[in-house]
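Hi,

Here is the structure I promised to send over. Have a look at it first, and my notes follow below.

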Amino acid sequence: MHKVPLSNPERRREVFDTVLALLAEVGYERFTMDLVAQRARASKATLYQRWPSKAELVVDALQEQRPVLGGADTGSLPGDLREVLLSWVAGLDGQDRGLMLAVLEGSRRDEELARLRRERLTGPVRQAAQDAVDRARRRGEVPPAIDQELLLELPFALVLLHVLVLDERPGPELVDRIVHGVLVPLLCGAGEADAGGTGTTAA
């Protein structure tokens with residue numbers, strides 16, 4: 001049994017690393033506090049004292065590895081979303097496909113996990129992107145023809161496609177492809193379509 005308390009940052013990091021490795025290995029359904037206690041050489045009672053449920057422990061471990069999201073105001077929506085995306089993908093590593101699949105599957109049956117995932121994992125990322133869209137709307141940068149909710153979801157959906165379906169590890173190259181190959185043309189094209197439509201109606 002490990003003698004270092006869980007209040008110690010290095011010991012907590014060791015437990016979290018064990019949690020993530022187990023989650024990617026066995027999935028959420030087969031993930032148990034017993035497995036964590038055995039692998040991390042910890043007391044199960046101590047684990048439950050700090051994390052009353054496995055959902056709390058899993059989300060804490062996932063949250064710990066997430067980087068601080070970029071929220072800089074670059075003056076343009078593509079630039080702002082690029083900062084958010086770069087911060088987000090910087091926290092992804094080779095085992096994230098397994099982790100994402102485990103958490104998504106677990107969320108179907110565990111309501112607590114689903115709630116914590118929305119509040120503490122998905123929520124901050126979505127809010128950072130929403131703030132960028134809100135700033136762009138105030139600048140008049142988002143054409144009326146654009147569905148703002150889909151615009152918000154599109155870049156993240158593309159990253160998840162590469163992680164979950166293509167089994168790739170996304171990086172800055174993919175972020176730039178999404179920003180310059182999709183978002184910029186989309187915003188420019190929608191703006192031209194609005195202008196063109198207005199002109200045709202007037203005529």
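In which loop does D167 lie? Before you go looking, keep in mind that this is a predicted model. D167 sits in the loop between α8 and α9 (172-202). As background, most residues other than glycine have a negative phi. D167 is also exposed, because its relative accessible area is 52% and the cut-off for exposed is over 50%.

R41 is another one to click on. It is not a glycine either, and its phi is positive, at about 55 degrees. You'll find R41 in the loop between α2 (33-40) and α3 (44-50). With a relative accessibility of 45%, R41 counts as partly exposed.

The other thing I looked at is helix α6, which runs over residues 96-109. Its 14 residues, at 1.5 Å a residue, should span 20 Å, and the C-alpha atoms at its ends are 20 Å apart, so the two agree.

Which residues of α6 are buried? They are D96, L99, M100, A102, V103, G106 and S107. These residues cover an arc of only 165 degrees around the axis, which means they are on the same side of α6. Over on the other side of the helix, R108 and R109 are exposed.

As for what the buried residues of α6 pack against, the partners are α1 (9-30), α4 (54-65), α7 (111-138) and α8 (148-165).

Cheers

How values were computed:
Residues numbered from 1 in each chain as written. Predicted model: local features only at pLDDT ≥ 70, side-chain atom pairs only at ≥ 80, totals over all residues. Heavy atoms only, no water. Helix = DSSP H or I, 4+ residues; strand = E, 2+ residues; numbered from the N terminus. Expected span 1.5 Å × (residues − 1). Buried < 20%, exposed > 50% of the residue type's maximum accessible area, 1.4 Å probe, protein only. Arc of directions from axis to C-beta. Contact = heavy atoms within 4.5 Å.
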